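Here is a friendly tour of one protein model, written for someone who likes geometry and cut-offs. Have a look at the chain below before reading on.

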Amino acid sequence: MIKAENLSFSYTGTAPYVLRGIDLDIRRGEYVSVVGENGSGKSTLMRLILKFIKPTEGTIASEARRIGYVPQKNDFSNSNFPITVYEMLNSYRKLLKIKNKGILAENLEKVGMSEFSGALMGTLSGGQTQKILIARALTGDPDLLILDEPSTGVDIGSQKEIYGFLRKMNRENQITIVSVEHNLDAAVSNSTLIYHLVNGQGHLCSPKQYADEYLKRNDKGDADVEL
């Protein structure tokens, strides 16, 4: 689904590099959490997958038919801009040139937000907004879903609902998920693989391997990931 070979990136085009010599192969149907300290290159890797930026060296490619993207921040939170949930979703549907209006109600039902169709976006809580953004990302029926720290600003109850929904979409619908995570418990509990970035370089491992390695480092007081 996603393949990177000798991938390096620098915002200046020269050293220092944010990412260096990345080799990554994510297969279809995986749920991969990308973890690491601030500045380790997590968000830059997501931007490269989404083709928002181009590699300085090496290559990165995706076989996804359509990518759904759930950003960490949005322009509607704490905003007085008068747009309803339905209007926002419908404008995105039109942007993608999707004729089926019924997909909007279907996706709102999937994330448990059907009753908020007429609510103003700026009145929603963090958890409610995140569910709506997931519903928006599903509008184009993606086979790859990319999320940037989906639990940021979200209450515990909504976190459980969101991760439960993501697991279901991954396991039952075979949507490949790549999620930047600062929530390490969620990463270990929900992912099929962990991609651990340290100083611009990373490696794939199982959630169990990552938990064992992290706990060992944490016991010694020298963990290099953040809670």
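Lys97 has its place in the loop between α2 and α3; helices (H or I, at least four residues) and strands (E, at least two) are DSSP runs, numbered from the N terminus. Before going further, please note that this is a predicted model, in which local features need pLDDT of at least 70, side-chain atom pairs count only at pLDDT 80 or more, and totals for chains, interfaces and linings use all residues. Residues are numbered from 1 along each chain as its sequence is written, and side-chain values use heavy atoms, with hydrogens and water left out.

Lys97 counts as exposed because its relative accessibility is 76%; the classes are buried for under 20% relative accessible area, exposed for over 50%, and partly exposed in between (1.4 Å probe, protein chains only). As background, most residues other than glycine have a negative phi, and most peptide bonds are trans.

Gln174 also belongs here, with a positive phi near 60 degrees in a residue other than glycine. Gln174 sits in the loop between α5 and β7, and at 47% relative accessibility Gln174 counts as partly exposed. The peptide bond from Ala15 to Pro16 is cis, with omega near 5 degrees, and Pro16 is part of the loop between β1 (2-9) and β2 (19-26).

## Two helices

The expected span of a helix is 1.5 Å times one less than its number of residues. The table sets the values for two helices side by side.

| Helix | Residues | First to last C-alpha | Expected span |
|---|---|---|---|
| α4 | twelve residues | 17 Å | 16 Å |
| α5 | 18 residues | 25 Å | 26 Å |

Which residues of α5 are buried? They are Ser158, Gln159, Ile162, Tyr163, Phe165, Leu166, Met169 and Asn170. These residues lie on the same side of α5, because they cover an arc of only 155 degrees around the axis; the arc is that of the directions from the helix axis to the C-beta atoms. The face of α5 turned away from this buried side carries the exposed residues Ile156, Lys160, Arg171 and Glu172. Covering the buried residues of α5 are elements including β3 (31-35), α3, α4, β6, β7 and α6 (184-190).

Helix α4 is mostly covered, with ten of its twelve residues buried. Among them are Gly127, Lys131, Ile132, Ile134 and Arg136. The buried residues of α4 pack against β5, α2, α3, β6 and α5.

## Nonpolar cores

A nonpolar core is a set of buried Ala, Val, Leu, Ile, Met, Phe, Trp, Tyr and Cys residues joined through side-chain atoms within 4.5 Å. The largest nonpolar core has 31 residues, of which Ile132, Ile134, Leu145 and Leu166 touch the most other members. At least two residues of this core come from each of α2 (85-95), α3 (102-110), α4 (126-137), β6 (144-148) and α5 (156-173). Another core of 26 residues lies apart from it, and among its members are Leu7, Val34, Leu48 and Ile146.

Leaving out residues up to four places away in sequence, Ile134 touches Val70, Val111, Leu147, Ile162, Phe165 and Leu166; contact means heavy atoms within 4.5 Å. Val178, in strand β7 (residues 176-180), counts as buried because its relative accessibility is 1%. Beyond its neighbours within four places in sequence, Val178 is in contact with residues including Ile2, Val34, Met46 and Leu145.

## Aromatic pairs

How many aromatic pairs does the structure hold? There are two. Rings of Phe, Tyr and Trp (its six-membered ring) pair if their centres lie within 6.5 Å; planes under 30 degrees apart count as stacked, over 60 as edge-to-face and the rest as tilted.

Phe9 and Tyr11 form an edge-to-face pair, 4.6 Å centre to centre with 85 degrees between the planes. Phe9 is buried, with a relative accessible area of 6%, whereas Tyr11 is partly exposed at 48%. Phe52 and Tyr69 form an edge-to-face pair too, at 5.9 Å centre to centre and 80 degrees between the planes. This pair links distant parts of the chain, 17 residues apart: Phe52 is in the loop between α1 (42-49) and β4 (57-62), and Tyr69 is in strand β5 (residues 67-70).
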